[in-house]
Amino acid sequence: MQKMLSYVRRAVDHYHMIDEGDRIAVGVSGGKDSLALLVALSQLSRFYPHHFTVVAITLEMGYDEMDFSPVQTLCDKLGVEYIRVPTQIGPIVFDIRHEENPCSLCAKLRRGALHDAARKAGCSKVALGHHFDDVVETYMLSLFYEGRISCFSPVTYLDRADITLIRPLLYVPEYYVRSFAKRHELPIVHNPCPADGNTKRQEIKDLLKSLEKTMPGVRERIFGAMQRYPLDGWEPDKTRRDYK
Ligand SMILES: Nc1ncnc2c1ncn2[C@@H]1O[C@H](COP(=O)(O)OP(=O)(O)OP(=O)(O)O)[C@@H](O)[C@H]1O
């Protein structure tokens, strides 16, 4: 737990993610990343100098087989309020709209619904479970497939929704999230989504894995370049003691 908290605390400090009195909605999909984020933020709230509250929000996607009751049990254990919002996003995307690009419509609908639910719950911030590997892969995806140097930011203020998105796991490598989820027996909810997943992302994942064999540390250097360049929103607060 200490290592996870130190990764998260560094990211939170470097990018000023949390202010005194914040009420933060953690978007919990039931996957390993957002469950790990939920546990880490709720633990951090016990000793972080700025007082903040965590609320967990799950958008139920309209699949009956997804059982979130073990997540409710986890929230009870953590002392975190848990809000489940029933939606029909899954059936809308696959059965009604027959989308050519279902993942992009699904992500858009989820974003809108999550921001609405957070506002309704009195939260002005939404925490998402993007980790270190998501960052590097997203950066490479836009470079290789769109010819752009870009990535989502650690902190994004959305003025139309009046919500600030934060990504406290951005220093946590995926292998560590996986082992954390296993060690803490996080109640991962199987997602029956029929989409094949993002094949381009998988290609980039495979490419980075093979580059890592001949160029150890390549992911860290790519991530470091985003901070040193810096990409819009990626310059960390270098006055923090633990900045390296
Ligand atoms: N159904 C949902 N309800 C609430 N939050 C969600 C939902 N789906 C996604 N999110 C939030 O958006 C983030 C990014 O979504 P994405 O689908 O890329 O997740 P992921 O990388 O598979 O992560 P996870 O392992 O948490 O599912 C998630 O980490 C989570 O914080």
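This is a predicted model: local features need pLDDT of at least 70, side-chain atom pairs count only at pLDDT 80 or more; totals for chains, interfaces and linings use all residues.

The dialogue below moves from the whole chain to single residues.

Me: How many helices and strands does the protein chain have?

Reply: Helices (H or I, at least four residues) and strands (E, at least two) are DSSP runs, numbered from the N terminus. The protein chain has 9 helices and 6 strands.

Me: What does the radius of gyration say about the protein chain?

Reply: The radius is taken over C-alpha atoms, and the globule rule is 2.2 Å times the number of residues to the power 0.38. For 244 residues a compact globule would come near 18 Å, and the protein chain, at 18 Å, agrees with this. The C-alpha trace spans about 45 × 45 × 40 Å along its principal axes.

Me: What share of the contacts in the protein chain joins residues 24 or more positions apart?

Reply: Two residues are in contact if their C-beta atoms, placed from the backbone, lie within 7 Å. Among contacts with a separation of 6 or more, 77% are between residues 24 or more positions apart.

Me: What percentage of the residues is buried, and which residues touch the most other members of the largest nonpolar core?

Reply: A residue is buried if 20 or more other C-beta atoms lie within 10 Å of its own, exposed if 12 or fewer, and partly exposed in between, with C-beta atoms placed from the backbone. Buried residues make up 33% of the 244 residues. In soluble globular proteins, nonpolar side chains tend to be buried together. A nonpolar core is a set of buried Ala, Val, Leu, Ile, Met, Phe, Trp, Tyr and Cys residues joined through C-beta atoms within 7 Å. The largest such core holds 57 residues, of which Val-26, Ile-57 and Val-126 touch the most other members. H2 gives the largest share of this core, 7 residues. Leaving aside residues up to four places away in sequence, Ile-57 has among its contacts Val-26, Val-28, Ile-83, Val-85 and Leu-114.

Me: Which residues come nearest to the ligand?

Reply: A residue is near a molecule or strand if its C-beta atom, placed from the backbone, lies within 6 Å of it. There are 15 residues around the ligand, and Gly-27, Gly-31, Asp-33, Ser-34 and Gly-129 come nearest. Helix H2 (32–44), strand S2 (52–60) and helix H5 (102–120) each supply at least two residues of this shell. By class, the shell has 6 nonpolar, 6 polar and 3 charged residues; Ala, Val, Leu, Ile, Met, Phe, Trp, Tyr, Cys and Pro count as nonpolar, Asp, Glu, Lys and Arg as charged, and the others, Gly among them, as polar.

Me: Which residues other than glycine have a positive phi, and where is a cis peptide bond found?

Reply: Most residues other than glycine have a negative phi, and most peptide bonds are trans. His-16, with phi near 45°, has a positive value; its place is the loop between helix H1 (2–14) and strand S1 (22–27). Asp-162 has a positive phi of about 55° and lies in the loop between strand S5 (155–158) and strand S6 (163–166). Asp-162 counts as exposed because it has 10 C-beta neighbours inside 10 Å. The cis peptide bond joins Tyr-229 and Pro-230, with omega about -25°. Pro-230 is in the segment after helix H9 (218–228).

Technical notes
Residues are numbered from 1 along each chain as its sequence is written.
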